[in-house]
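Below are some notes on the model for your review. Please read them with the structure open.

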Amino acid sequence: MVDRRNFISLAGLGGGGILLNAFAGKLTASSSVMDSASHMEGATKDLYRKIQSMPVDDSHCHPLTFKDAQTTPDEFVERFALSAFPISLYFPNGVYDQWKSGDAETRRRLDKQYKISDKRNEMLFHAKETVFMKYFVKSLAQFLNCEPNLGAVIHARNKRGRNYTKYLRSLFKDANIGNAMLDMGYREGLNEANLNKFKKAIAPTKGRHILRVDTILKDMMTKDISFDEIEAKMVADIKDGLDSMGNLGAKSYGMKSYLLPRLGLFKPLYDRSVAKKSWRNFINAMKNGSLPSMHGGNRDENWAIREDALRYLHSLALEMCMERDMPMQFHAGDGEPPRGILRNQDPFDMEEMIRFDKDGLIRTPKIILIHAGYPNIGKAAWISHLYTNCYFEISLATPLIHQGMLRMYLEAMEVVPLTKILFGSDAYHLPEFYWLAAKWGRIFLSQALGVYVDAKILTEDEAITAAKQILFQNNRRVYNI
């Protein structure tokens, strides 16, 4: 048996260990063949043969529109790359949409004023040159049976996209996704009818709704209403979403909060008078024009003005989840500036919400830290180890860090109970995001479990059990499916 200190040295957690370096030699070979174990070695080979056919539950993802049925290489990369995701926020409100939909003269005029083409071209130039994108293109080319270059992939994809429903279904079937936990906070304006169109297209995958507290508050945050009104309306909307069919015509299985990247240190607040004063200050600043921008200048100032009101309202939302034994997801890693403030995404800043102390009692609601805390994987893993009610979820890091997924799995499994690791993608915009996360996720999970089996730390049966827990069983238990 390898002891813990030697295993850390061998596996290279936090550095370049002997064992991880040895496995690096077979990363390329085993991962380049999406559906074959023929190039894998050791325990990984036998594990992958069994793991590749397991279903996955996507614990955090988003519903998709049908507007990407036909695309171009540039549009495809823009829709996929996190660096290009918030490009509209680099310009005054609405300007980028005018540029995208405008004629040649409109584009020339806006380019002269805002240099939109220059900024966009720079983003896309770099996004295309990531190892991730090159690896992704090769993987997708195998599925589409075409040449492994971006132009050929998009051409083949557009042919399949003429029947986009059929194409969606083929991706989800090949990925074998059982449940998709759909965060309704980002859905690109999908109404109930178009949401149902997406859910029908991905069947037999079950699309299950997650209610976003930020979305409930968003519209009310632009209105001159009293604190009594916003509190009552939020509570009513949450009850409708959690207890009935108020989340776009379906029941909800939990909630999501995006507040950590805006506030940083995140503590519950139960004092209504403090929250009410914060709300009054926010409304006054909005009315007299002194409210700082959310996306430019000193971004912290905007959120500091309304911080206590938001802490109180999010604490109420978490209370409501806890009463129903439902989890709340908290964004705690990755992020897409300038929406979120990167320095505010430390998983340790969630400790007080995880504890949720009140009246001398640590109440431990179900908290899911999504995105593996990336790049602070160790912090997210450690706080999930220490607090029994805190779960470690891997979306967005899966699939974006590709080869780093092996390190992520090893670092998480070093301390996080296998019953608390949740698979996810954070898929948005493009269905290939779902597919890629599921396919790569199984490959790198097989390799990580293979490390433990080859080191005699896990038996093969224990590794198979762990794979089932991580890929789908944990999700079904925590969400009461």
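Is Lys 366 buried or exposed? The points below start there; note that the model is predicted.

1. Lys 366 has a relative accessible area of 16%. Because the cut-off for buried is under 20%, Lys 366 counts as buried. Lys 366 sits in the loop between helix 17 (351-355) and strand 6 (367-370).

2. A polar atom of the Lys 366 side chain lies 2.8 Å from the backbone oxygen of Val 478. Leaving aside residues up to four places away in sequence, Lys 366 touches Asp 325, Met 326, Pro 327, Met 328, Asn 389, Arg 477, Val 478 and Asn 480.

3. Asp 325, in the loop between helix 16 (299-323) and strand 5 (328-331), has a positive phi near 55° and is partly exposed at 40% relative accessibility. Asn 480, in the segment after helix 22 (460-478), also has a positive phi, near 55°, and is partly exposed at 44%. Neither residue is glycine.

4. There are cis peptide bonds to inspect. One runs from Tyr 374 to Pro 375, with omega near 5°; Pro 375 is in the loop between strand 6 and helix 18 (377-386). Another joins Thr 398 and Pro 399, with omega about 15°, and Pro 399 is found in helix 19 (residues 397-400).

5. The axes of helix 4 (residues 73-80) and helix 8 (residues 131-144) come within 13 Å and cross at roughly 115°, which makes helix 4 roughly perpendicular to helix 8. The crossing is right-handed. Phe 76, Val 77 and Phe 80 of helix 4 meet Phe 132, Met 133, Phe 136 and Leu 140 of helix 8. By class, this contact has seven nonpolar residues, no polar and no charged ones.

Definitions and conventions
Residues numbered from 1 in each chain as written. Predicted model: local features only at pLDDT ≥ 70, side-chain atom pairs only at ≥ 80, totals over all residues. Heavy atoms only, no water. Axes fitted to C-alpha atoms, helices over the stretch in contact; angles between N-to-C directions. Helix = DSSP H or I, 4+ residues; strand = E, 2+ residues; numbered from the N terminus. Parallel < 35°, antiparallel > 145°, perpendicular 65-115°, else oblique. Left-handed = near helix turned anticlockwise from the far one by under 90°. Contact = heavy atoms within 4.5 Å. Nonpolar A, V, L, I, M, F, W, Y, C, P; charged D, E, K, R; others polar. Buried < 20%, exposed > 50% of the residue type's maximum accessible area, 1.4 Å probe, protein only. Polar contact = N/O pair within 3.5 Å; in protein donor to acceptor, adjacent residues only side chain to side chain.
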